[in-house]
Structures are given as structure tokens and as C-alpha cells.
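Keep the structure open beside you as you read.

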Amino acid sequence: MDEHDIRLWRVFHYYVQKAMDECDITQLERLAINETSSKSGHHYVTLFVDIDTKRVLFATEGKGSEGLKIFQAFLIEKGVKPSQVKEVCSDMSAALYSWHRRTVTSCSYYV
């Protein structure tokens with residue numbers, strides 16, 4: 001392939017953004033959240049997954065409350081009310097549990 005990597009990344013980001021714009025998550029009821037290391041050291045990625053469709057809805061760098069705020073803004077942008085989420089499954093992160101108690105208060109929380 002005789003393309004510069006910047007061009008390939010630009011094409012990649014274009015199609016990912018297009019797919020995200022077309023993504024309909026208004027039926028979201030069950031959510032799994034996982035914070036995982038992306039490299040050795042302290043480089044984390046937080047993944048948000050629709051349990052029913054087994055689809056990654058959102059991924060962001062970092063962990064804790066900042067990633068949760070970004071995801072919450074994403075939900076609002078997509079027209080998803082926190083009250084429609086019935087179940088959240090995650091590890092025992094204090095930030096995740098705190099977010100659950102403040103934001104999706106009407107749902108069950110599983111560890």
C-alpha cells in the first residue's frame with residue numbers, strides 16, 4: 001500500500017465517526033462498564049458495553065469520574081435518559097459505584 005499513515009487514520013476516524021453518528025442506543029437498558037489497562041503502566045481505557053446487543057457503545061481513555069462524565073454526555077447526546085438503564089455491571093471501582101448512585105439511581109448494580 002502506498003499511502004501515508006496520516007491519510008489512513010483520517011479515513012479510519014471518518015468511518016468510525018459516521019458509524020457513531022448513526023448508532024441508535026435509545027433502547028439501552030443493561031450496561032457493562034470495564035476499566036482496563038491499555039499498556040503496561042498506568043494507561044487505562046474505559047469501555048461501555050450494551051449487554052443485550054454485546055456491542056461496545058463507547059470507549060474513552062482514562063478511568064474514573066472523567067470517563068464517566070464523558071459517557072454521560074454521550075448518553076444525553078444520543079437521547080438516552082439515565083432512568084431507562086435498569087442494570088449496570090462493573091467492577092468495584094469507587095468512581096463507578098458513586099456514578100451509579102448519583103446518575104442511574106433506578107437500576108440494579110452488579111459487581
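Rings of Phe, Tyr and Trp (its six-membered ring) pair if their centres lie within 6.5 Å; planes under 30 degrees apart are stacked, over 60 edge-to-face, the rest tilted. Phe58 sits in strand E3 and Phe71 in helix H2, 13 residues apart. Helices (H or I, at least four residues) and strands (E, at least two) are DSSP runs numbered from the N terminus.

A quick word on the source: this is a predicted model, where local features need pLDDT of at least 70, side-chain atom pairs count only at pLDDT 80 or more, and totals for chains, interfaces and linings use all residues. Residues are numbered from 1 along each chain as its sequence is written, and side-chain values use heavy atoms, leaving out hydrogens and water.

Back to the rings: Phe48, Phe58, Phe71 and Phe74 make up one aromatic cluster. Phe48 is buried too, at 0% relative accessibility.

Now for helix H3. Its buried residues are Leu96, Trp99, His100 and Thr103. Viewed down the axis of H3, they fall within an arc of 100 degrees (taken from the directions from the helix axis to the C-beta atoms), so they line one face of the helix. On the other side of H3, Ala94, Arg101 and Arg102 are exposed.

Technical notes: Buried means under 20% relative accessible area, exposed over 50%, partly exposed in between (1.4 Å probe, protein chains only).
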